[in-house]
Amino acid sequence: MTADTFVLFGATGDLAKRMLFPSLYHLHQEGFLPDHLRIIACARSPRSHEEFRADVEASVRERGGKEIDHDLTPFLERVFYLSLDVTTPEGYDELSRIIHEGGCGKEVVYYLSTSPSIFGEVCRGLKSHGLADAPNRCVVEKPIGYDLESNIEINDTVAKAFSEERTFRIDHYLGKETVQNLVALRFANRIFEPLWNSETIKSVQISISETVGAEGRGGYYDEYGAMRDMMQNHLLQLLCLVAMEPPSSLSAEAIRNEKVKVLKSLAPITKDNVESKTVRGQYSEGFCPNGGQAPSYRHDVENPDSGTETYVAVAAEIQNWRWAGVPFYLETGKRMAERKTQVVIAFRPLPHSIFGQGVSENELHIVLQPEERITLQIMNKQPGLSAEGMPLEELPLNLSLVERNNGARRRIAYEQLILDALLDNPSLFVQRDEQEAAWRWIDSIADAWRERGMEPKGYRAGSAGPSAKHVLTERNGDSWYE
Ligand code: NAP
């Protein structure tokens, strides 16, 4: 069934403005929203429907640019605003009335785009007013907790109102076209599977680098840092999709089962190996990639003593038959030289080269940002005559999703996720045991850092990260793909 009501808590927030309303608009515009679907937007700030609709229109136009030059009234008429403090019981009666107006509210999706510290209050409020019964479901934003313990606590509170199959945990990376394409690439093409193991693959590198700093997110970021903000979710999700066994189907359950196995196979990182397996960094003053000076992290978050990492690299190992001995290098950082998200699968060298020197190893690059692209680096004969041997060159077999999409608009990752939540399809959402397995591994690293007193190493804003990162790869005879 498809939901008839979408309730958005945190409707005046940054995420709602930049991502959620523009995504809802595009779903509306392309005919994916059921005609009768109403969007009930909730936050504390006082607003009339009209004022709020004007805010939504401004956000949608700002995000869409010149391409949105038409009247948005048909979309805006779906949107209703309710000023509600979720921590007090009063507003829920009014919410219930609005949800059930005109015979609606038979199937409701609640999107909790607020701080996780009030998820519990929202769930309690909905349950006590009879608003959380099946088939109603909830979507919860990350981060769900700061560590395993707080993750369990939040999930337990949500579970009192919504059963696991009605809890949709967002990792917006899973809504990205190229991330889904990773599943298609691996499991819709016969050619890759026989090569997808330690026999043929030498290393895997997964990097998410940002050019922005922590400005504007100071308080939150300074508490979480790169490990909890990025590694625990996006990087480990990408690692799972690269490393998991073929699932028996595309169902949420089948994919989740395979992802959990990967997470549980991650070799523990403890105080005995944390110094050789991880690098922690924090950016110092430097440059913005497009010119101008960039302040230090401590300046950005106004905390002169901050010991939070803005960069982390980990050499992970997956202890199973397929991947034994293959390093998975995971790296993420802020204020780096370029904005890039990519997975590089590096293949082993030839067992014997009949061409002598100059044969590079094959590499499969799956680039998610800045543009979506999949490239296989292959060796090719250099064209023309040669007096000696056969000179080779390395060329990319290039699948550019930008060209393939013929310049079509690049989708917001949330579009697919909101659509799936409305359609009650949980396959692109994160299940509870996956999240717990991820936190367990992350917590062990954080504990080991503490036990070893490992402080972040400095790196200049606008650089490629701390120089110590090279030791991590060189130890195995590898290097980073910048
Ligand atoms: P935000 O800008 O601080 O917005 C929080 C929203 O919650 C506001 O609409 C606020 O509205 C509302 N709110 C706060 N207390 C409330 C209460 N007691 N009752 C009702 N509404 C209340 O946060 P955000 O950046 O949009 O993030 C929302 C969630 O998404 C967080 O969990 C965040 O970690 C996650 N997230 C955000 C981003 C992002 O890019 N922003 C990315 C990934 C994940 P009023 O003040 O009007 O009540």
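Me: What volume does the second largest cavity have?
Reply: About 50 Å³, the space filled by probe spheres set on its grid points, which are joined across faces, edges and corners. The model is predicted, with pLDDT of at least 70 needed for local features and 80 or more for side-chain atom pairs, while totals for chains, interfaces and linings use all residues. Numbering runs from 1 along each chain as its sequence is written, and side-chain values use heavy atoms, without hydrogens or water.

Me: What makes A11, T12, K17, F21, R47, F52, D55, V56 and S59 the lining of that cavity?
Reply: A cavity is a set of points, on a 1 Å grid over the protein atoms alone, where a 1.4 Å probe fits but cannot get out, and lining residues have an atom within 4 Å of a point. These residues line the second largest cavity. Helix α2 (49-64) gives the largest share, 4 residues.

Me: Which residues are closest to the centre of the largest cavity?
Reply: The largest cavity holds about 120 Å³. D171, Q232, N233, V430 and Q435 are the closest to its centre, among 15 lining residues. Helix α8 supplies 5 of the lining residues, the largest share.

Me: How many residues surround the ligand?
Reply: There are 21, and the closest are T12, D14, R18, R44 and S45. Helix α1 (residues 14-29) gives the most, with 3 residues.

Methods:
Near = heavy atom within 4 Å. Helix = DSSP H or I, 4+ residues; strand = E, 2+ residues; numbered from the N terminus. 1 Å grid on protein atoms, 1.4 Å probe; cavity = no way out; pocket = protein on both sides within 12 Å on 5 of 7 lines; lining within 4 Å.
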